[in-house]
Each structure stands twice: as C-alpha cells, then as structure tokens.
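Grab a pencil and open the model in your viewer. Below are some exercises, each with a worked solution to check yourself against.

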Amino acid sequence: MAQRNGSDVMRLRITFSKGGPLTYTSHLDLARAWERSLRRAGIPLAYSGGFNPRPKLQLAAALPLGHTGEAEWLDVWLEEPMPVKDFARALVPLLPDGLVISQVHQVRLKEPALQTQIASAEYRVTVEWHPELVEGWDEPVEQVEARIKRMLAAAELPHEWRGRRYDLRPLIERLWLERRPELVEGQVGGGEVVLGMQLAARAGATARPEAVLDVLGMGEAFARYHRRRLTAAAG
Amino acid sequence: MQIDLSRLEHILPTVQKPGRYVGGEYNSIVKDWEATLTRVCLAFPDVYDLGMSNLGLAILYGVLNALPDVLAERAYMPWVDMAAAMREAHIPLYSLENKRPLPDFDLIGFSLPYEQLYTNLLEMLDLAGLPLKASDRDEQHPLIIAGGHATFNPEPVADFVDAFVIGDGEETVVDVVRAYQETRGDSREAQLRALARVSGIYVPRFYDVRYNADGTVAAIEPTPPHPPPRKGGEQTPQPLSPPLWGGQRGGLPILKRVVPILPPPPTRLIIPTVDVAHNRAAVEIQRGCTRGCRFCHAGMAMRPVRERPVEEVLEAIEAILPQTGFEEVGLLSLSSSDYSDIEDLVRAIIKRFGDAHLSISLPALRADSFSVTLAEAIARGRRTGFTFAPEAATERLRAIINKPISTDQMLNVAQEVFERGWRTIKLYFMIGLPGERVDDVQAIAGLARAVRAMGRKVHGRRAQVNVSVNTFVPKPHTPFQWVGLEPTSSVHEKQALLRRELRGRGLKLNYSDPEATLLEATLARGDRRLGAVVQRAWALGARFDAWDEQRDFGAWMRAFAEAGFDPGFYAYRERPPDETFPWEVVSTGVHKKFLLEEYRRSQRGEMLADCREQCHGCGILGAYGDGWSDEWRCPPPPEKPGFPGKKPGFYHTFKRGETDNDRPTS
C-alpha cells in the first residue's frame with residue numbers, strides 16, 4: 001500500500017477495461033504492465049522510498065486469471081502535477097493490447113486506499129453447457145430461473161473453497177438471469193445462458209462468481225467471466 | 001488457416017499460466033499473413049518463461065521482421081499440461097502472432113542453446129503434425145533449421161533437422177531466407193543444395209559417417225553427388241591444421257559463421273504479459289571471452305571476442321526505455337569485468353539514467369576488488385547476493401582449468417564484499433574436473449566455511465554463503481573434449497562428502513543430479529547414431545529433460561538399451577589424442593592442435609595467460625585470416641610463424657556497418 005511521503009503531488013484514477021491477450025495476466029503482472037506503460041509514456045510517477053523504490057500504483061480489486069473487466073480502477077500517484085488531458089494523451093497510444101482507458105480523473109491525495117473503498121462487484125457470466133456436464137440440466141430450460149429463485153430463497157448456502165467452508169448466501173447481493181438459455185448451433189442439447197450477479201467484494205468478504213455457478217450446479221461448465229462494474233462503499 | 005480459437009479458449013482455463021499461449025505482447029510483430037512472401041517461425045523448445053529471456057531469439061526476430069518481404073513469428077514448447085490439452089482438443093502447435101499452425105510456415109528455425117532440449121524439439125514437430133525425420137519430409141513441408149550453442153555438435157539431431165546454422169546467426173538467417181526464396185517450389189533436394197552453399201550452413205543429408213568396429217568415427221564423407229561448392233568456392237576454409245580426422249573433403253568442416261562487428265542490439269523488445277525468467281531488457285555488451293578457461297565451451301566456441309562500443313550500449317538503453325518501459329536492464333557478456341571500458345560504461349549509465357529509476361544488472365563479475373566497486377556502483381544501496389565462480393577450490397586445480405585466482409585474493413574480496421554491505425555470497429564450483437583429488441573437493445567446504453567466517457566477522461549470524469556445485473561435463477571443441485565424465489558412483493560420494501561438510505547455519509548447498517549430468521554429457525558428445533535413441537526416448541515419453549521434476553531417466557536408459565548403445569561410451573570414455581570426433585563436421589575456428597596443446601598444458605598444471613595482450617595462436621585469426629577489427633580483443637595480427645603467408649597489411653580491417661558478406665574477395 002502506498003504511503004504518503006511528500007514526493008507525490010497528484011493522484012489520478014484510471015477507469016479501464018482489461019481483456020484480449022491480457023485476459024490471462026495475473027493481478028501482479030497487470031500491475032507491472034501498467035507500470036511499464038506509464039514509464040513508456042514518461043509519466044512523472046511518484047516512487048516509494050527505500051532501497052528498492054516502487055512506483056505508487058493501486059489496483060482496486062484483483063481480477064482473477066481468465067476474467068475480463070470493463071470498468072476496473074487504478075490509482076496512480078505523480079511527483080509532478082500534469083493536466084489530466086495530457087496524461088491520457090501520452091498514455092493511451094502506448095498501452096498494450098487488452099488495456100483500454102475509458103476515463104481518467106483526479107482524486108484527493110488523502111482519499112483512503114482504493115482497495116478499502118470497494119463494496120461489491122457486478123459480473124456477467126456466460127455459461128456454456130452440455131447436458132452430460134451439468135447435473136440435472138437436461139430438464140426444461142425454464143428450470144434455470146427456478147434454480148436461481150430457490151438459491152436466493154435459501155437461508156444458507158454452504159460452500160467450500162480451497163478447503164475452507166463458508167456461507168455463500170450473504171455474499172450474493174443480486175443474482176438474475178440475463179439471457180435465457182439459447183441453443184448453440186452444432187451443439188446437440190447444449191446451450192448458452194447468461195447470468196448477472198452482484199457479489200460482495202469487501203476485504204475478508206469476497207465471493208467469486210465461480211462459487212455461485214458451483215452452487216447452481218454449473219461448476220463443470222465452461223464459462224466466461226466479465227466484471228462489469230465495481231461499486232464503492234457508500235460514504 | 002488460423003487454429004480454432006474457440007477450442008483454444010476452452011482449454012486455456014484448464015492449464016497453468018495460460019498467458020504463455022496467447023501472444024499479443026507489447027512489441028510483438030503481427031504482419032499481414034497473406035501479404036507477406038516468406039514466413040518464418042522461430043521455435044524455442046522450452047517453456048515460454050525461459051524462451052522469452054533468450055536474447056538470440058529476440059535478435060533473430062528483429063533481423064527477420066526488419067525485412068519487408070519476411071515475417072517472423074514465435075512458438076514455444078507448451079508445458080506438459082498444455083501439450084496434453086492441445087492433443088486432446090486437436091489443436092496443432094501454432095505461432096503466437098497469427099495463430100497459424102507451424103506447417104503453414106515456409107521455414108521453422110529452432111533455437112537449441114542446450115542439449116537437453118532434443119526431445120522437446122521432437123515433441124514440437126509432432127505437436128505440429130510434421131514428420132520427425134528430415135528424410136520423411138519434402139518440399140511440401142517447412143524447412144526445419146536449427147542453430148544455437150548446442151549445434152556446435154549437430155550430430156545427435158542430424159536426423160531431424162534439414163540444415164544447421166553454425167555460429168552467429170544474424171547474417172546467416174537472412175542468407176537462408178534468400179536461398180529459400182530462390183528455390184521456392186523446387187524439390188527439397190534443390191532447396192537443400194541452395195542452403196548448403198550458404199557459409200556457416202551444415203546440411204547433414206549431404207554427408208555420411210563411417211564408424212570403426214569400436215564405435216568411434218572412421219570418417220565423415222560427402223554423399224555422392226558431392227555437396228555443392230560454397231559461394232566463392234576458393235574462399236572455402238582450408239584445413240587449419242594437419243587434419244587429425246579422416247577424409248577432409250567435400251567442404252568439411254563447416255566453419256562457424258562470425259559477425260565481424262556486432263550488429264546493433266534489438267531495442268524493441270517484446271514485453272511478456274506473464275512473469276518470465278529475467279523479466280528485463282538485455283543488451284549484449286560483448287560476445288566471447290579471452291580468459292581461456294579450459295572447461296568453458298562458450299569461451300572457446302564464441303571467439304573472437306567482440307565488444308560493443310560504450311556509446312552504442314548507451315544509445316541502445318536510451319532507445320529501449322521509451323519503447324519498452326522496462327525498469328531493469330541486464331548488460332550481458334561472458335565476463336563483464338573484462339569489457340575494456342566497463343568503468344566508463346557504468347559511470348555513464350549512472351550519469352544518464354540514474355534518475356530514471358532504472359536498475360542495472362551486471363552478471364559474470366570476476367572475484368576482484370575492481371568488480372566489487374563496480375557492483376556497488378550499480379547496486380544503489382540494494383544488496384542481493386554477490387556471486388563468484390571460482391569453479392575449483394584449490395590453486396592446483398585452478399591451474400588445471402586455467403582460472404588463475406589465489407585463495408587469499410578470493411578471501412580478501414569476500415571480506416570486502418561483506419564489509420560493503422552484502423550479507424550473502426554465492427559461490428559456484430565444479431566437481432569431477434580432470435585431475436581432481438578428494439582434497440580438492442574437501443577444499444570446497446573449507447573455502448565456503450572460510451568465506452562464512454569472513455561474513456560472520458562483519459554481519460554475525462546473518463552472513464550467508466550459498467554453494468552451488470555442478471558436475472563438470474566435458475564439452476566438444478574445448479581442451480577437455482578428450483576427458484571422460486566422472487562416473488556417477490564417485491560423483492555421489494563427492495556430493496555426500498559436501499553434504500556432510502557443508503552443514504550448519506549460514507551455509508546452503510546445491511548440486512546437480514548425476515542423472516541429468518550423464519544425459520547432458522551423452523548428448524553433448526553424441527554422434528549421429530544417437531538420433532535413434534533421442535527418438536525412442538521421446539516415444540517413451542521423455543520431455544523437458546532439463547527439468548529435474550520432469551526428466552524421465554528410465555525412458556532414456558530403456559531407449560539406449562533398445563538401440564544397443566551404452567551411454568558410457570559417449571560420456572565416460574577418455575578419448576585418445578588421435579580420435580576423430582563426430583562434432584568435427586563443425587569448426588569453431590580454433591585449431592584442434594591448439595586444444596590438444598592446452599589439454600597437455602593442463603595435465604602439466606601450466607596456465608595460459610589471457611589472450612588480449614598476447615596471441616597464443618588458437619587459430620581464430622587464421623580461420624578468418626583476412627579479417628580483423630579494432631572491436632576484436634585479439635591483439636593486432638602478429639607477423640609470426642603460425643600465420644602462414646600473412647604479411648603486414650594483409651588483414652582486412654572491418655569497419656562498423658560492414659558485414660561478413662561485404663568482405664572483399666581477393
């Protein structure tokens with residue numbers, strides 16, 4: 001986490017999308033891709049002190065490997081002020097394939113760390129399935145909605161991830177069927193269903209969309225995960 | 001046609017580090033497939049994480065993509081999980097740029113920096129759906145080219161490769177592409193004949209090897225019809241010494257190609273999207289080494305030493321930073337301390353880039369006070385481990401290997417390193433060196449403990465000494481090519497001794513797996529008959545032989561047994577002075593006679609001084625007899641016996657920008 005040490009005079013927040021060839025780039029490697037892009041653009045980055053100075057950058061929330069994101073946030077600290085327009089103009093042409101900036105705006109230096117501001121995340125999950133892969137999914141497609149309803153009505157949704165048991169239910173803020181199952185051409189009896197979900201993304205209380213699919217009985221199906229937006233905590 | 005990207009998308013979430021397989025990296029070059037005449041795939045038979053830090057591949061990628069009518073793309077060896085997933089999903093091996101299956105390319109150039117990649121080479125051909133053996137391929141298939149350090153002995157993979165690029169590749173690859181373009185659509189035979197005319201190219205199909213009853217090489221002879229003469233036939237390198245091997249005919253040996261002046265280094269380096277080994281920019285500051293360590297393959301094979309001028313290194317860094325954003329630059333050479341202007345270079349880098357938050361790494365430093373000062377200058381307060389490679393722990397053994405440094409000096413330098421703030425020193429040694437005795441091995445432990453004692457005086461119990469002990473592998477084209485590999489049983493004993501002696505706080509020992517060493521030695525010194533063993537080992541599942549947790553030594557032993565060959569014949573056997581070696585199809589430019597003299601000097605414990613000041617006549621100047629350059633660290637060519645017929649002014653002095661192709665013909 002970046003500390004104020006007097007060398008930073010400006011803090012900018014970048015809203016960006018991540019996808020394409022960077023879909024499989026980890027959180028740590030994404031930070032490095034940003035650092036290198038900013039260095040290419042000659043942005044006057046503020047650095048941490050110490051023997052191994054690092055540029056002061058903060059990503060809002062880790063996007064798991066293989067997930068794409070549409071409105072991710074990055075905070076960048078500068079050691080010299082520069083107009084936001086110039087910043088964007090210098091940076092945009094030097095971004096790698098897979099990073100697109102949609103907005104840059106200045107935020108107060110004293111704002112708390114970006115990670116602590118996030119409350120929840122909204123996902124679009126596109127699931128492909130073959131009946132033999134998904135238990136019970138050879139039932140009529142209307143049943144998808146029924147399953148979701150049942151899930152939301154449950155008082156508890158025990159789930160296990162990496163050997164740890166926890167209750168998934170309180171972490172699901174919203175869950176809905178975005179597009180009814182469609183048959184994909186050439187796939188006999190298979191189809192594609194699009195789910196929307198808004199899940200908690202607070203420190204120590206974060207749900208992965210994979211967990212929701214798992215509880216829905218679609219854990220074995222191939223799915224594309226797209227984080228549509230991050231929601232900041234109120235206040 | 002592109003591979004099925006949807007199928008690829010479905011397997012990627014099932015494998016480790018899928019980012020290795022998607023391409024799209026910043027600075028990767030995706031040319032218009034249809035609009036480009038000649039398509040080359042540069043293939044690296046190890047995993048992406050290692051291949052991405054290979055500077056040779058980066059150089060050739062730049063050279064080939066600079067040609068408007070050529071595109072060069074990349075393919076790395078998929079990790080075992082991905083290879084299995086690709087086979088199951090029927091996805092052929094593809095290039096990262098245009099996602100084309102490898103058979104769609106005109107040429108595939110494999111980089112073979114080390115011998116343990118041979119089964120991966122076969123795996124990549126097979127994943128591509130290409131016939132493994134050159135004799136089973138024709139003009140319908142891409143030409144399979146291979147180059148890199150291991151190909152100074154091309155024979156163990158001669159069955160699988162159409163043509164080898166021996167030596168520096170920068171100029172040769174362009175000639176190879178041009179030769180291919182001239183024979184596009186011709187028969188494979190005609191294509192190979194055109195390639196064989198390029199200097200530095202070895203086409204194994206044009207030569208046959210005859211063996212003696214004892215399994216040694218009797219002669220290497222051109223197959224009729226005889227191979228075509230090289231361009232400007234009279235320039236064909238003549239035998240440099242009385243041929244010690246049989247049948248000096250048909251354009252053999254193939255003299256390695258040399259770039260007389262290092263071409264400008266690549267600066268538009270590809271930025272990996274997943275973390276890789278050496279995730280930084282690299283600038284080669286010097287090629288070759290004048291020290292003459294007798295065990296060192298690179299030191300013998302990369303002659304003459306060519307330096308890049310300070311100004312060009314600085315310009316390269318200046319160009320790299322805005323094009324890549326890399327936060328670290330590695331200055332590469334075999335021996336950084338020996339770069340003539342190393343002090344000026346370091347000073348200039350600090351002056352120019354000191355404020356740019358740029359780290360510099362300077363590997364391969366010598367154990368002297370000067371090097372410690374250098375390391376301190378670039379470290380800017382940061383202190384990772386300090387590495388020394390004395391290789392042997394006694395002065396007697398260091399005389400044998402020609403690495404002169406006294407134990408006192410080493411301890412003084414260690415003390416200085418600790419006093420200047422480093423807490424960890426890494427020491428590199430070898431066991432199994434010729435002439436080694438038990439007390440030499442014992443001395444490794446003694447020296448490591450003495451260094452730790454130095455550290456404790458300064459840092460107390462926080463001082464750390466990491467000792468890395470490799471087993472010496474006798475390599476072709478070195479003075480020790482006649483030596484046998486130490487038998488596995490005594491390697492085990494020596495390693496056990498070191499384990500016992502190097503216990504305790506502040507000491508850490510690493511050593512190499514004797515099975516890995518045996519395999520490396522066998523492949524390094526193998527002949528053409530080993531092709532059958534390599535292929536069988538691959539069929540039995542051998543892959544990633546350089547990876548301890550992947551290597552299937554049992555598969556190799558079974559493959560040897562089935563083929564009726566004994567690995568010991570290749571690895572353990574000490575060679576008589578007059579034996580013809582399979583790798584003598586290639587000449588590094590260094591006389592076999594010189595190597596033999598060096599071997600004999602080592603047996604007498606005699607050293608040979610660094611050759612920057614005084615030429616010892618290794619042969620490299622004779623081999624490129626009409627060329628010399630200020631940027632070579634060879635002293636100006638002497639007018640003395642041993643350089644027959646060369647009078648003052650005979651040597652052509654290369655100027656910057658001039659290539660070997662520009663060499664005037666007399």
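Two residues are in contact if their C-beta atoms, placed from the backbone, lie within 7 Å. This is a predicted model, where local features need pLDDT of at least 70, side-chain atom pairs count only at pLDDT 80 or more, and totals for chains, interfaces and linings use all residues. Residues are numbered from 1 along each chain as its sequence is written, while chains are lettered from A and ligands numbered from 1 in the order in which they are written.

**Exercise 1.** Find what B:L195 touches, leaving aside neighbours within four places in sequence.

*Solution.* Next, zoom out to helix α7 (residues 188-196) of chain B, where B:L195 is buried along with B:Q191, B:L192, B:A194 and B:A196. Buried means 20 or more other C-beta atoms within 10 Å of a residue's own; exposed means 12 or fewer, and partly exposed is in between. Helices (H or I, at least four residues) and strands (E, at least two) are DSSP runs, numbered from the N terminus. Finally, the buried residues of α7(B) pack against β4 (143-147), β5 (163-165), α6 (172-182) and β6 (201-202) of chain B.

**Exercise 2.** Is B:A348 buried, exposed or partly exposed?

*Solution.* Begin by locating B:A348 in helix α10 (residues 342-353) of chain B. Count C-beta atoms: 16 others lie within 10 Å, so B:A348 is partly exposed. Leaving aside neighbours within four places in sequence, B:A348 is in contact with B:V310 and B:L314.

**Exercise 3.** How many helices and strands does chain A have?

*Solution.* Tally them up: 5 helices and 11 strands. As for burial, 31% of the 235 residues of chain A count as buried. Last, take contacts in chain A with a separation of 6 or more: residues 24 or more positions apart account for 76% of them.
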